[in-house]
Amino acid sequence: MITVVIADDQDLVRMGLRTLLQHEDDITVVGEAADGLDALVATRRERPDVVLMDIRMPGVDGLEAVKRIAADPALSATRVIVLTTFEIDEYVFEALRHGASGFLLKDTRPTAILEAIRVVRQGQALLSPSVTRRVVRELSGRPPRVLKPHPHLDRLTNREREVVALVGEGLSNDEIADRLVVSTATARTHVSRAMVKLAARDRAQLVVFAYQSGLVA
């Protein structure tokens, strides 16, 4: 059973999500919150598999809640999906940097929301290659950044560095395989090993590491 906490300051949004999820045999809502502080309390109490987190909430906002959840060792198995009204939201990038597994628009189709919850529960990132490319383009268009290379970057082999850079560019495993002329299984193995060495929670965080380390121009 996949346990979920819903955090949103709009009663109607929470009710809609709860109604959607409660009809699924493999998903159960174990908590709700109307602001970031209540979201933290519910998450620490219930230790859910997934938190659906609105970013713009009163008091402690969703971004700060994401940071605290990602920094809490007791919640290392909890995945956060950011809820936003706009595809390109300045807070989305910060949320990804601090450990969110992806984001959903609030007008996303119900079936896509259910799929997203199941995807992140399996440890995958909720960032399609097209969304990743858009994120990277937005970040690249900002003022010059100060690089913060990952402290374990030197543990990667040259090929793994290359693969992480391609992940950072938004390439899927199939596209990485085509670019490097290897099998998809080999590409997937390189991605998995890089994630382990860099202690990345999921593919979304691997994209952030690639960007911050300067592997993505």
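Colleague: How many bridges join strand E1 to strand E3?
Modeller: Four bridges join them, and the two strands run parallel. Strand E1 covers residues 2–7 and strand E3 covers residues 50–54. Keep in mind that this is a predicted model.

Colleague: Noted! And which residue in E3 stands opposite Ala-7?
Modeller: Met-53 stands opposite Ala-7.

Colleague: In what order do the strands of the sheet come?
Modeller: The order is E2-E1-E3-E4-E5, with five strands forming an open sheet and parallel pairing. At the edges are strand E2 (27–33) and strand E5 (102–105), each pairing on one side only. From one strand to the next, the twist averages 25 degrees.

Colleague: Which strands does helix H3 touch?
Modeller: Helix H3, residues 62–71, packs on the sheet and touches E3 and strand E4 (79–84). The direction of H3 makes about 155 degrees with that of E3.

Colleague: Changing topic: I'm curious about His-190. Where is His-190 found?
Modeller: His-190 is in helix H9, which spans residues 184–198.

Colleague: Is His-190 buried or exposed?
Modeller: Buried: the relative accessible area of His-190 is 15%, and the cut-off for buried is under 20%.

Colleague: What does His-190 touch, leaving out residues up to four places away in sequence?
Modeller: His-190 touches Arg-159, Glu-160 and Val-163. Arg-159 is 31 residues from His-190 along the chain, and their C-alpha atoms are separated by 7.8 Å.

Colleague: Which residues of helix H7 are buried, then?
Modeller: H7 runs over residues 158–168, and its buried residues are Glu-160, Val-163, Val-164, Ala-165, Leu-166, Val-167 and Gly-168. H7 is followed by Gly-170, which has a positive phi, near 95 degrees.

Colleague: At what angle do the axes of H7 and helix H10 cross?
Modeller: They cross at roughly 105 degrees and come within 8 Å, with H10 covering residues 203–212. H7 is therefore roughly perpendicular to H10, because angles of 65 to 115 degrees count that way.

Colleague: Which residues make that contact?
Modeller: From H7 there are Val-164, Val-167 and Gly-168, and from H10 there are Arg-203, Leu-206, Val-207 and Ala-210.

Colleague: And how do the residues of the contact of H7 with H10 divide?
Modeller: Five are nonpolar, one is polar and one is charged.

Key
Residues are numbered from 1 along each chain as its sequence is written. This is a predicted model: local features need pLDDT of at least 70, side-chain atom pairs count only at pLDDT 80 or more; totals for chains, interfaces and linings use all residues. Side-chain values use heavy atoms; hydrogens and water are left out. Buried means under 20% relative accessible area, exposed over 50%, partly exposed in between (1.4 Å probe, protein chains only). Two strands pair if DSSP finds at least two bridges between them. Axes are lines fitted to C-alpha atoms, for helices over the stretch in contact, and angles run from 0 to 180 degrees between N-to-C directions. Contact means heavy atoms within 4.5 Å. Angles under 35 degrees count as roughly parallel, over 145 as roughly antiparallel, 65 to 115 as roughly perpendicular and the rest as oblique. Ala, Val, Leu, Ile, Met, Phe, Trp, Tyr, Cys and Pro count as nonpolar, Asp, Glu, Lys and Arg as charged, and the others, Gly among them, as polar.
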